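Me: Got a model I'd like to talk through. Can you take a look with me?
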Amino acid sequence: MKIIRNRLLPIGKDFYAINLFGILFVKPYASLNPVLLNHERIHSRQMRELLYIPFYILYVAEWLLRLVQKRGDGYLAYRSISFEKEAYDNEKKLDYLHKRPRFAQWRRK
């Protein structure tokens with residue numbers, strides 16, 4: 001995964017990194033620890049299996065749906081997206097990608 005430190009992306013003070021097409025954009029002051037990198041690698045796997053563009057279409061569509069469900073709370077909507085739930089639930093399991101089933105973001109536990 002290519003990592004680019006910059007001041008522009010991600011937008012917002014509460015976010016430290018954003019993965020766009022497998023390239024990780026990171027704020028200059030953000031700490032790149034194994035948990036953050038694993039979280040972003042999970043997103044890279046999700047993107048690859050959905051062929052990138054469909055991933056982003058589904059991601060934004062689900063965020064808009066969750067935004068309505070969460071009564072306009074953008075952060076709660078973000079945390080409720082299936083792609084984010086999978087990444088947050090498994091980011092500390094550093095071996096997760098070795099055993100992750102395909103389309104795990106939509107599988108029930």
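Me: Is Lys13 buried or exposed?
Reply: Lys13 is exposed, at a relative accessible area of 69%; exposed means over 50%, buried under 20% and partly exposed in between, with a 1.4 Å probe and protein chains only. Keep in mind that this is a predicted model, where local features need pLDDT of at least 70, side-chain atom pairs count only at pLDDT 80 or more, and totals for chains, interfaces and linings use all residues. Residues are numbered from 1 along each chain as its sequence is written, and side-chain values use heavy atoms, leaving out hydrogens and water.

Me: What does Lys13 form a salt bridge with?
Reply: With Asp14, their closest N and O atoms being 3.6 Å apart. A salt bridge here is a side-chain nitrogen of Lys or Arg within 4 Å of a carboxyl oxygen of Asp or Glu. Asp14 is exposed too, at 52% relative accessibility.

Me: How many salt bridges in the whole structure?
Reply: Five. Another one pairs Glu49 with Arg100, at 3.0 Å between the closest N and O atoms. That pair links distant parts of the chain, 51 residues apart: Glu49 is in helix 1 (residues 34–49), and Arg100 is in the segment after helix 5 (96–99). Helices are DSSP runs of H or I, at least four residues, numbered from the N terminus.

Me: And are Glu49 and Arg100 buried or exposed?
Reply: Both are buried.

Me: What about Lys99, which partner does Lys99 have?
Reply: Asp95, with the closest N and O atoms 3.9 Å apart. Lys99 is exposed at 56%, while Asp95 is partly exposed at 42%.

How values were computed:
Helix = DSSP H or I, 4+ residues; strand = E, 2+ residues; numbered from the N terminus.
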